[in-house]
Amino acid sequence: MTLLGAAQIRELAEAIGLKPAKALGQNFVIDSNVCKKIVRIAGVTSTDIALEIGPGLGSLTLALLEEAASVVAVEIDPRLAQQLPLTAAIHSERADQLTVINQDALGISTLISDPTVLVANLPYNVSVPVLLHLLEKVPTLRSGVVMVQAEVADRLAASPGSKDYGIPSVKSAWWAEVKGAGSVSRSIFWPAPNVDSKLVSFTRRVTPGDEVLRKKVFTIIDTAFAQRRKMLRSALSSLYGSSALAEEVLTKAGIDPTLRGEALEILGFCAIALASPDFNSTK
Ligand code: SAM
């Protein structure tokens, strides 16, 4: 097994005529030690089926093949998806353990295997939707480590009351405990992005309710954070018809109507949903 370094990444890109596309968040990791470190932090073992989103030219994929029982890699760019099995065959004795799916990760509903761990350097423009989508659609994922833009990492791992706490923090908390897992230098990418990056890790936990409740909860979260500086009774007034009716629901839920959404943990939003009359939840 040989991992990919800066020269090999550039050569590979040139060989397939690839100019990294900003719109697809194509910043490739050129430091194999960082890839090994990510796999180590994720705690991948020989019984894991690893899911990688956006394998790109394969830097992280090769490091994953070394540790996991098998790897499922979902890549939207057909040129990269076609090349990856060939790269794996050259660099890894475990290339037959790799399945590449040429698809938009946001379209994943069922996978051919049941991945246990997510390890990915996520495309930055869709990192939160992709992470939330996978937590929802791939229940076999028990844990994972993802690399995302630094600000997004801070939002995902934020606690109630902090300035970073918002929709990504509270929605991801429905499925998982999310924590910061360190910073990554810009110099490990080609091309170097003009934003900083961080790692976050997550561990799945039992959800506070079923899908019907989740949809209701997510609609309340979106409404509360759409006007995050407003008190909940006013921020949720559009959902219940008036601030008086919103105040009634909040009081029934045991939540102070003068709080802002940013003060509530996921269980607070669940209490509001359980105290709510029916409304159209669209999430
Ligand atoms: N994992 C590689 C690495 O670390 O070098 C590449 C990471 S790069 C930040 C993001 C990758 O995600 C690119 O290969 C890009 O083509 C792919 N990508 C972008 N949007 C995607 C989507 N919606 N679904 C699947 N892959 C996507």
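Rings of Phe, Tyr and Trp (for Trp, its six-membered ring) count as a pair if their centres lie within 6.5 Å; planes under 30 degrees apart are stacked, over 60 edge-to-face, and the rest tilted. With that in hand, here is a walk through a predicted model, in which local features need pLDDT of at least 70, side-chain atom pairs count only at pLDDT 80 or more, and totals for chains, interfaces and linings use all residues. Residues are numbered from 1 along each chain as its sequence is written, and side-chain values use heavy atoms, with hydrogens and water left out.

## Aromatic pairs

By the ring rule, the count comes to five aromatic pairs. Two of them involve helix α8, where helices (H or I, at least four residues) and strands (E, at least two) are DSSP runs numbered from the N terminus.

| Pair | Centre to centre | Angle between planes | Kind |
|---|---|---|---|
| Y165 and F225 | 6.3 Å | 70° | edge-to-face |
| W174 and F218 | 6.3 Å | 80° | edge-to-face |

Together with F269, Y165 and F225 form one aromatic cluster.

The other pair also links distant parts of the chain, with W174 in helix α7 and F218 in helix α8, 44 residues apart. W174 is buried at a relative accessible area of 1%, and F218 is buried at 4%.

## Helix α8

Helix α8 covers residues 211-226, 16 residues in total, and reaches 22 Å from its first C-alpha to its last. That is close to the 22 Å expected at 1.5 Å a residue, the expected span being 1.5 Å times one less than the number of residues. Because 12 of its 16 residues are buried, α8 is largely enclosed by the rest of the structure. Among the buried residues are L213, V217, I220, I221 and A224, and also R214, K216 and D222. Their cover includes α5 (127-137), α7 (167-175), α9 (232-235), α10 (237-240) and α12 (266-275).

At the N-terminal end, D210 caps α8, with a side-chain oxygen 3.2 Å from the backbone nitrogen of V212.

## The sheet

Strands of a sheet pair through backbone hydrogen bonds, either parallel or antiparallel. Here seven strands form an open sheet with mixed pairing, in the order β4-β3-β2-β5-β6-β9-β7; two strands pair if DSSP finds at least two bridges between them. β4 (98-102) and β7 are the edge strands, each pairing on one side only. On average, neighbouring strands are turned by 20° against each other, direction ignored.

Strand β5 (residues 117-121) runs parallel to β6 over five bridges, and V117 has S143 in β6 as its bridge partner. Helix α2 (residues 32-41) packs on this sheet and touches β5, β6, β7 and β9, contact meaning heavy atoms within 4.5 Å. The direction of α2 makes about 140° with that of β6; axes are lines fitted to C-alpha atoms, for helices over the stretch in contact, and angles run from 0 to 180 degrees between N-to-C directions.

Strand β9 (residues 197-204) is joined to β6 (residues 143-149) by seven bridges, antiparallel. Strand β7 (residues 176-184) also pairs with β9 in the antiparallel sense, over seven bridges.

How values were computed: Buried means under 20% relative accessible area, exposed over 50%, partly exposed in between (1.4 Å probe, protein chains only). A polar contact is a pair of N or O atoms within 3.5 Å; within protein, one must be able to donate a hydrogen and the other to accept it, and residues adjacent in sequence count only if both atoms are side-chain atoms.
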